[in-house]
Amino acid sequence: MRYGEILTAGVLALFSIYLMVKSAELPIGFIRGQGPGGGAWPFWLSGIMLICCAMIALNWWRRTSPPSQSDEPFLDGHGWRTIGLVGGGLIGFIVLIEIISMYGAIAVFLFYYLWFLGRHSLRLSLILSLSTPLLFFFFFEGMMRITMPTGMSFTDPVFDFLYDIIY
Amino acid sequence: MSMTKRALLLLSCAGLLATTPMAALAQEWEPRRPIDFVIMAGPGGGADQIARFIQSVAEKHDMTTRPLVPNNKGGGSGAEALIHVSGASDPDHTILVTLNSFFTTPLRQANLGIDIQTFTPVAMMGVDPFALWVHRESGITDFEGFLTQVRAMNGEYVMGGTGVGQEDSIVIAFMSAAYGLDVKYIPYDGGGAVARDLAGQQIMATVNNPSEAKGFYEAGDFVPLLAFSDERIPAYPDVPTIRELGQDFSYYNQRAVVGAPGMSEGAAAYYQDLFTKIYETEEWQGYLTSESMSPLWMNADEQRAYWGTQVESHRALLAELDG
Amino acid sequence: MEILGLLGDGMLIALQPLNLLLIFAGVTVGLFIGAMPGLGSVNGVAILLPITFLVPPSGAIIFLAAIYYGAMYGGAISSVTLGIPGASTAVATTFDGRPLAMKGRASLALVTAAIASFIGGSVANIIFTGFAPVLASVALSFGPPEIFALMLLAFATFVGLGSDDIPKTIFSICLGLVLGAIGFDQISGAPRLVLFDINAFLQGIGFLVLAIGVYGIGEMLWTIEQTRGEVENNTPKMTARGMASDAGEAIREGWKGTAIGSFLGFFVGILPAAGATPASLMAYGVAKMTSRKPEQFGRGSVDGIAAPEAANNSASTGSMLPMLTLGIPGSPTTAILLGGMVIWGLVPGPRLFVDESEFVWGLIGSFYISNMAALFINLAFIPVFIWMLRMPFTILAPMIFVLSIVGGYAATRDMFDIWLILIFGFGALVLRRLDYPLAPAVLAIVLGPIAEPTLRQSLLLSSGDPMIFFTRPVAGPITIIAIILILLPALKLLRRKKPAAVIGE
């Protein structure tokens with residue numbers, strides 16, 4: 001945790017510096033008769049962020065903030081595993097949206113989570129992961145008229161059929 | 001009528017399974033997906049209202065087999081909409097309602113890599129004129145009075161608009177250059193906010209489309225001084241045009257529909273036909289009149305040529321604005 | 001008394017069977033739309049359009065107003081049950097709603113939100129009915145300097161919201177403000193902070209992207225990691241008697257917050273650009289400042305739910321005022337309402353009240369009826385939401401993830417935003433682990449894009465002279481109060497720090 005604290009502060013400080021550099025593409029000073037330039041607001045705020053990072057580092061060195069005193073690891077083995085499985089599942093979910101459509105991705109993600117991570121029965125997992133996307137389809141597309149990504153073109157026949165139902 | 005059926009189902013809160021059998025009689029191209037109807041402005045502005053009006057006309061007459069789904073992409077003076085449409089994965093189901101930022105944004109943001117000539121012309125629904133407005137309590141009743149007042153204020157006269165590089169700022173820049181005026185220009189995030197602050201007299205004058213000032217004009221709060229159209233605006237017959245004052249200048253905001261780049265010919269023909277029908281409806285013609293817009297009907301080739309001339313004239317106007 | 005007559009007629013219009021049906025349907029639909037993270041009353045317009053061709057304009061607008069009310073009630077539901085504020089107006093509701101739900105008192109939180117919303121809406125309706133024209137001119141007197149001063153006041157209430165770690169709190173506020181500045185600079189029209197030169201950043205980062213990332217993904221991952229995925233289910237079953245006792249407790253404990261929220265919310269809500277988000281935040285801040293038990297705030301205080309909920313409902317009603325009296329939209333939803341009026345052939349503007357009196361009063365009458373209908377429908381659905389909370393966490397968690405992703409996409413229809421949500425989610429997990437408070441960032445991303453342009457518009461007006469914030473009759477006092485409020489806790493902190501340091505050593 002103590003290591004994580006200073007590492008994060010360092011990364012955030014670098015990010016702040018990047019934001020400052022990026023803001024400086026527009027005028028950051030006070031333009032006479034007009035007030036601050038277009039980059040002033042984000043530039044000086046990023047500057048404050050940088051100062052905050054320095055203070056966080058100071059507190060780390062003086063060991064005054066709770067994370068800087070803690071010796072427990074940032075995440076233990078089990079923690080990394082959990083985050084990896086769930087977070088990885090989320091990344092897979094989003095990648096799948098572009099391939100097998102939003103609804104297909106929902107079904108796969110739910111099944112993965114319920115059956116593999118949640119260890120629910122196959123029956124319950126299947127029922128939930130198939131009925132949820134169907135319900136979502138009718139709610140979003142039919143009622144709210146919000147179109148979701150339909151993925152690559154091989155899904156077309158399915159969606160042509162579904163759209164024929166609702167319109 | 002499928003519309004009625006759908007709505008009734010919604011009313012009974014059971015709008016899940018509406019059965020609307022499709023009569024697939026023609027061989028011609030027909031949309032198979034909801035049509036992504038991208039609007040180059042945020043919700044509530046003039047362009048948005050027009051788009052939603054068009055959508056409601058199409059719905060009312062049940063003109064499309066798949067709905068037009070409005071999609072507001074107003075960010076970055078329309079840059080967001082242009083990026084979205086030019087990168088559309090399904091160009092046959094993506095159309096865009098444009099205003100003049102269709103011309104100005106690619107000019108100002110060359111790094112976007114947008115070439116508007118790759119877009120597919122669909123329909124020119126009309127053009128929106130501009131007029132110069134002041135608040136009634138300012139006591140100014142004509143353009144001469146306005147000029148006197150602005151010169152007397154010596155750089156302290158405050159005008160509001162929707163931002164540097166936007167339509168109204170181009171008009172204001174031209175007017176200032178032509179008459180040697182020095183005004184303060186305050187940018188707002190939309191035409192509604194500009195009208196509000198003129199009503200509250202936070203700013204002294206604006207250049208705005210009649211549609212956005214109409215309510216206040218009818219209540220007697222706003223006074224039009226000058227029109228920037230070729231002819232006098234029919235709703236304001238006593239207001240002179242800048243042409244009458246000897247300036248060779250007019251400026252309109254286009255209200256056009258374009259298709260995504262790479263749209264198939266069949267789809268383009270379908271949309272051109274659809275919007276011709278919408279254009280010819282009584283509702284749209286009535287809307288043109290009530291909102292003081294002018295018709296400027298063009299076929300596809302004429303539209304492409306029009307884009308070319310508009311890009312050139314905007315290039316010149318923007319150069320003046322920045323210079 | 002003339003007003004009462006008009007209002008009576010208006011209510012009679014709203015009570016016609018068809019309109020009453022529309023109100024109940026609208027409130028129910030709105031409740032669910034509002035409870036979905038990512039969807040809001042704006043989306044209700046999609047449902048409205050087909051109905052427009054079936055019923056007269058007054059019926060259509062009554063339906064939309066009902067959706068609007070339902071969605072306002074619904075916002076609190078996702079804040080309490082899912083921990084994701086579905087709209088920026090409901091962020092303040094998570095501060096105490098979520099802790100209460102974690103303690104197994106979700107029903108108390110939801111009942112409090114419903115009752116406070118009802119009272120806030122009612123107070124707003126009454127003020128609206130009595131003083132609409134007068135208040136409209138007050139609203140118009142607020143120009144950029146006044147709005148900036150108001151934003152300062154909203155920021156002043158931030159100071160009390162952070163954690164004890166001051167650098168981390170300030171970092172969070174600034175991060176939100178800078179993220180809100182991404183996209184275009186409104187004043188110069190130039191692209192700004194296009195990170196890594198990715199053009200998709202031109203559209204800026206919306207509130208929902210950050211909020212869903214932080215709460216829907218980050219907070220969920222954190223909970224799963226902390227509890228090893230086995231969250232104890234301590235939400236008791238909902239009974240009628242339980243609900244009655246919750247209602248009693250809500251009124252006993254939350255009357256003060258409700259009162260503060262109702263009045264403050266309305267006056268902030270009618271101001272242009274301000275709206276319900278700063279209103280709910282300021283109500284929360286004031287309720288905490290005046291509370292006898294300020295230490296309860298953030299740990300599940302009933303007042304802390306009542307104040308923002310009363311305020312956001314009251315403010316949302318208030319934001320109808322500029323629309324009806326001036327024809328100026330106060331929010332995206334009212335903007336679409338206005339568009340609807342144009343479609344129906346009405347001319348929005350100052351004359352609407354006079355020329356279309358029946359229409360306007362029918363709408364105002366429907367506010368009263370919708371508000372009442374929303375209370376009852378909301379209370380009736382609370383057991384359903386409690387039942388959802390009682391699902392095993394291994395079912396609830398993936399559902400929340402799916403809702404976050406789908407809702408995040410629905411809001412902007414852009415895959416780029418989904419990736420951002422995921423990145424913010426992982427970032428939030430790390431920062432959460434290291435005690436960075438993230439609520440300030442989520443609120444700053446809403447307020448920043450209002451504060452910065454008004455600051456610069458004001459300075460343009462004054463040719464760069466900052467005295468404009470002190471010399472204008474309305475802006476001056478607000479600015480001074482805001483500065484005092486910002487400095488006060490800082491002074492307190494300095495004084496408190498010394499003895500604390502002694503103890504520490």
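**Notebook: helix H1 of chain A, then chain C**

I looked up which residues of H1(A) are buried, and found A:Glu5, A:Thr8, A:Ala9, A:Leu12, A:Ser16, A:Leu19, A:Met20, A:Lys22 and A:Ser23. They lie on the same side of H1(A), because their arc around the axis is only 160°, taken from the directions from the helix axis to the C-beta atoms. Buried means 20 or more other C-beta atoms within 10 Å of the residue's own, exposed 12 or fewer, partly exposed in between, with C-beta atoms placed from the backbone.

The model is predicted: local features need pLDDT of at least 70, side-chain atom pairs 80 or more, while totals for chains, interfaces and linings use all residues. Residues are numbered from 1 along each chain as its sequence is written, and chains are lettered from A and ligands numbered from 1 in written order.

On the other side of H1(A) I found A:Leu14 and A:Val21 exposed.

I looked up the packing partners of the buried residues: helices H2 (40-62) and H3 (66-69) of chain A, and H8 (166-180) and H18 (415-433) of chain C. Contact means C-beta atoms, placed from the backbone, within 7 Å. Helices are DSSP runs (H or I, at least four residues), as are strands (E, at least two), numbered from the N terminus.

I checked the length of H1(A), residues 2-23: its 22 residues should span 32 Å at 1.5 Å a residue, and the end C-alpha atoms are 32 Å apart, which agrees. The expected span uses one less than the number of residues.

For chain C I noted 21 helices and 2 strands. Of its 505 residues, 67% count as buried.

Definitions and conventions. Contact = placed C-beta atoms within 7 Å.
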